Amino acid sequence: MASTPAQATDGYVVDTMEMPKWEISPLTKRRWANFKAKKRGYYSLWAISIMMVLSFFAEFIANDKPLVLKYEGEMYFPVLFSYPETEFGGVFETEAVYRSEAVQQFIEDGDGWMVWPLIPFSFDTIDLNTAGAVPEAPSARHWLGTDDVARDVTARIIYGFRLSVLFGLALTFFSAIIGITVGATQGYFGGLVDLIGQRVVEIWAGLPMLFLIIILTSLFEPNPIALLLVLLLFNWMALVAVVRAEFLRTRNFDYVNAAKALGEKDFTIMMKYILPNAMVATLTFLPFLVNGSITTLTSLDFLGFGLPAGYPSLGELLAQGKANIQAPWLGLAGFFTLAIMLTLLVFVGEGVRDAFDPRRSAT
Amino acid sequence: MSDRILEINDLSIEFRGNEVVRDVSFHIDRGETVGLVGESGSGKSVTALSVMQLLPYQYTRHPTGSILVDGQEVVGLDEEGLMNIRGNQVGMVFQEPMTSLNPLHHIEKQIGEVLYVHRGMGVVEARERSLELLNLVGLQNAEGRLRSYPHELSGGQRQRVMIAMALANEPDLLIADEPTTALDVTIQAQILNLLDDLKERLNMALLLITHDLGVVRKMADRVCVMTDGNLVEQGPSEQIFTSPQHEYTKHLLAAEPSGDPIAADTEAPVVMHADEVSVTFNLAKGMFAKKRVLKAVDQVSVVIRQGQTLGIVGESGSGKTTLAMALMRLTGSEGGIYLEDTPIQGLKAKELRPLRNQVQIVFQDPYGSLPPRLSANEIIEAGLKIHQPELSALDRRKMVASVLQEVGLDPAMQDRYPHEFSGGQRQRIAIARAIILQPKIIVLDEPTSALDISVQAQIVDLLRDLQRKHNLAYLFISHDLKVVRALAHELVVMKDGVIVEQGPSEQIFTEPETQYTKALMAAAFDLEAVEHASQ
């Protein structure tokens, strides 16, 4: 093994060399195999992925516009394009309200037909033809009932799920970027930079986050972007400690010194030589961060300090459930959506953590 | 009582179905020293651990074989029986004295523990016995050291404490697993003397596991040679060393780094010189603490000439690595550093960067010196990307392939990751990373210390070839004087940050002038401890 002299391959012709095809590194392959071996995490990933992909096409699943309609021999795609009512012989120059009987009559007159999505309500469609008092109990028309302004709960959950996931991912993504940057800088340069950085992080983390967010969001009209920025102010610390520790550990390794001796810039050393080591700890953390972000958004919505009215929000659904105890489908629907989503994310997180754990991979 | 304190017959060891030791048989008589020699991965430590049944038995099996300690079968013995054997009849000393002692307990408690468990002694009694043991192993100021924690002791002192713990119950057999590998040469000589002396006094048998043939030759009555899990040869020490029978033993004996440095012109142009370089570390912690500084390197001047090797020797803590780091501007220092005629002390990082390709470094630990998540190709081409950005990816790939060939690796392996290479191969990659930039100087910081001896010899040969071919200057740092002798033209002996002796290496090796250098040479080549060499 080690005692045999390395074979010099004299027949190797350097001149005819070509670039190799890009391949997934064996380490990544092994981790993926480990992840797959843990059925719970693997199936959870499938489930959450399918739910996410479906919810990204929410407009095609739950909408108050038809998918396709034919009018006077021409095809229209109201989900994708906006058509004024005048297009179908109406009087208003605004977009046609396809749910209204008038528009439906126009299209019928024009020898046309409409194909509706599975759920013919959007998240903000107020169903004017409810059978009884709102909130209405689940029925064939409204699978999970309606909320207290006669909006379809199923549609709101699909859109709310999408918004929560996207918001969670975005918040996690930007938190991770800031956290890694700060942690890496502190860990790599150490000394005074680290000392000051660490004190700032500690003080910042000590602030009563929820109250400050409530104060900040009441200062201006909240919209998703503003809310994202406000939450970002208090959410970026999560990764600092992990990344900082990894950089502190690695920065005196011989290969970092060797890279300095080659003349690599500090930035390159951080990105190329040290960050890959910190990525394991970071990736392991990410699913849990997404979870935390979603929970934060939901609790703000629940308290009424989150997204403005009109946005499909799971927190608002829960708040309605609380306000309408006589309509348990509201609270239950919101609860199960959140419970399933968060549980699946935790399972995926566990799977990722185990797949990256070098001690477990031996089995 | 049987004459044979240890008898191992046809022992095999299997980890998760992989057989790592096959049909090993040997024995140790009372009062005898047996050396178990082999390179890393040969199964020597595993064999020793199985005597104490200290292997992870969730996934370890002994398919065949028996281990008799004083006539009693150990394989399959229950926990109570093993407790009796461990510590009472067989004591063990490990390689790494820092991690074998519990950092949170003071010495008295750690030795006392053995005495409470096996002897049922009370506190006062145990204290007396501990003191007696520490005096026995020659720990100076034993009384005052009882309350010391491991970190307050030096490596040699810790190893003495370990030995004292192993001896607490007067075992009939002491197993020493690489007891001196982590220690400096002068300390190594002292510990070996101590072991020899204790063995005589306590009429103990000693099983000495080591990869260092010099140690075995000096200490052992009989030698067993292991490779790849097989015991290939055993016999009286003298016989093994003078007329080895097995191919592997011959190969091992021939593998000692040898040969002389290549002929060099003593008037060759100077590629780097340092003028009174000092490195100080601030030890004081806290804002208002008094200033306390450690002079790691104190006013050292050296000259490195083209095509020659400047060897720097010294024990750990002598400042030799710090000096190299200072010369490469990887650590802050004072004094003049000149690359050819350019002063590089005080250059800004940006101004220094274009000059970086002229001085490269190879580190000791081939496992720590390669970034684990980059392929060999990425590691080696990194320097080219910086210093020759005009090259295309394919050009770089070709250059990496040819430099791999030059250091004796198969270019087809260039997309593999560091963990897929052996220690020796990794060290070749580290050398490839250095030479691809065609530097004038390569700093070699203990490049062979972490390698098996046969691999050491290969690396030394490779370094010599490269030096001849490219007219390279080496700054060779090592505590291993045998390797230094095979490469160095000039020699600097350092101790506590200052130069003790300096001159042509031939002269220093044959006629060392200072007391310290003499002690170092005696310890390294004859394993003789010279009084107060480093205490």
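Contact here means that heavy atoms lie within 4.5 Å. In this predicted model, local features need pLDDT of at least 70 and side-chain atom pairs count only at pLDDT 80 or more, while totals for chains, interfaces and linings use all residues. Residues are numbered from 1 along each chain as its sequence is written, chains are lettered from A in the order in which they are written, and side-chain values use heavy atoms, leaving out hydrogens and water.

Among the contacts in chain B between residues at least 6 apart in sequence, 69% join residues at least 24 apart. Chain B holds 20 helices and 21 strands (DSSP runs numbered from the N terminus: H or I of at least four residues for helices, E of at least two for strands). With a radius of gyration of 25 Å, close to the 24 Å given by the globule rule for 535 residues, chain B is as compact as a globular protein of that length (C-alpha atoms are used, and the rule is 2.2 Å times the number of residues to the power 0.38). The C-alpha trace of chain B spans about 75 × 55 × 45 Å along its principal axes.

Of the 535 residues in chain B, 55% are buried, that is, under 20% relative accessible area with a 1.4 Å probe, counting protein chains only.

Turning to chain A, Arg31(A) sits in helix H1, which covers residues 26-37. Arg31(A) is buried, its relative accessible area being 16%. Beyond its neighbours within four places in sequence, Arg31(A) is in contact with Val280(A), Ala355(A) and Phe356(A), as well as with Arg373(B).

Definitions and conventions: Buried < 20%, exposed > 50% of the residue type's maximum accessible area, 1.4 Å probe, protein only.
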